[in-house]
Amino acid sequence: MFSNLAIDVALGLIFIYLLYSLLASVVQELVARIFNSRARLLTKGLRRMLEDDDHSKDLGWFGKFTFFNWFYELGWSVVYFFEPFRKSPFLKKFYSTPSIRNLGENSATSRPAYISPQIFSQAMVHLLRSSVPEHKATDALAIKAALTHNYLQLVPGTREHLLQLFEDAGHNMAAFRINMETWFNETMTRASGWYRKQTQTWLLCMGMAIAALFNVDSIAIARILMKDKNVRSQLVQLASSRAPGYTAITDTLIRKNVLHKDSAFFRANTSVRILVSDTSLLGVYGMLRSDAGDAANVLGIKRACVTDSTGGHIALRCGYTHPFQQNGWLIFAGWCITALAISLGAPFWFDLLGKVVKFRNAPPPADTSGTNTAATH
């Protein structure tokens, strides 16, 4: 078997990164549920479709630069967090239709997290048809009148796009709905990219917080694993015993871009399939927190208060007790490395852990030199 120093050190580090990546993913999922992040992102995608959501013109000459736009858009994100329908009258009407409003889980989370393309096109047809003041002989005539006279006061870009979709459909209602559903699917596919980017940003921020809170110093951990054979073997044993239990947790994290059965919204799988309630999430968090405590005890990296009697004076000193954690800049660098590792996500480290374990347990290649020598004589 391959069991050299480099492989065991790598195995120990990968297990630590997997453990804390899972911890960060669970915390991220809890935060997403508390703030209803998926519903907010769906609203953002619909706002991009149905309203004039380009704020770069507000900045004038500065709007030409991505740097200023990024901060300005960040400010608008905060505004939309508290007022999701600010300057978005049609979006508010869209969410007020029974077919959309009734998809909300309850009054606290009245906006749905997922909308099917069929429901989207249905709600759009209902809004357009009901806006025509006089009765039309057919739905096609009603839609044509609603878009031509702009009874819903749609923004110019949205009205023009819907008119073009209606013309592309040859004024056929079934084809018009299919065109709107395709438009919706394309936008939601982009929204999944926004969510993945948002998730990775959250994981990076949470990774830094977790690294500092739990003192996950990658540099110190690597030095300990390289120097202490006993610690190295204990952490390898811990990884071997705990890793199989993480399979169910990372199951949906490994699969990318899974289509929700009731929606065209492609979601990045930060939600864990087995975690169907906040209670379950808290239970998994407790399990991972316990494993993190076990790993910290094996490594011996912790903060503590010790009594210092140097110089004849007894003083209580609190801080880092391990000899490999005496340089503050190195500790901070170790935290940064951990945060970057966590931002890669648990599926990456789970897959890498499996490959390293498989390589470590593989039998060494057979030595055929003696056979070849014997054959020459």
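Trainee: Which backbone nitrogen does the side chain of Glu-51 reach at 2.9 Å, and what makes that a polar contact?

Mentor: One is the backbone nitrogen of Leu-91, at 2.9 Å. Keep in mind that this is a predicted model. The cut-off for a polar contact is 3.5 Å between N or O atoms, and 2.9 Å falls within it. The side chain of Glu-51 also reaches the backbone nitrogen of Phe-90, again at 2.9 Å.

Trainee: Why is Glu-51 called buried?

Mentor: Buried means under 20% relative accessible area. Glu-51 has 8%, so it counts as buried. You'll find Glu-51 in the loop between H2 and helix H3 (66–82), and its contacts include Lys-87, Pro-89, Val-155 and Thr-158.

Trainee: OK, on to H8. How do you know that its length agrees with what a helix should span?

Mentor: Take 1.5 Å a residue: the 13 residues of H8, 156–168, should span 18 Å. The end C-alpha atoms are 18 Å apart, so the two agree.

Trainee: And which residues of H8 are buried?

Mentor: Thr-158, Leu-162, Leu-163, Leu-165 and Phe-166. The face turned away from them carries exposed Pro-156, Gly-157 and Asp-168.

Trainee: What makes Ser-116 buried?

Mentor: Its relative accessibility is 12%, and the cut-off is 20%, so Ser-116 counts as buried. Ser-116 sits in the loop between helix H5 (98–101) and H6, and its side chain reaches the backbone nitrogen of Ile-119 at 3.1 Å.

Conventions. Residues numbered from 1 in each chain as written. Predicted model: local features only at pLDDT ≥ 70, side-chain atom pairs only at ≥ 80, totals over all residues. Heavy atoms only, no water. Helix = DSSP H or I, 4+ residues; strand = E, 2+ residues; numbered from the N terminus. Expected span 1.5 Å × (residues − 1). Buried < 20%, exposed > 50% of the residue type's maximum accessible area, 1.4 Å probe, protein only. Polar contact = N/O pair within 3.5 Å; in protein donor to acceptor, adjacent residues only side chain to side chain. Contact = heavy atoms within 4.5 Å. Lists of a residue's contacts leave out its neighbours within four places in sequence.
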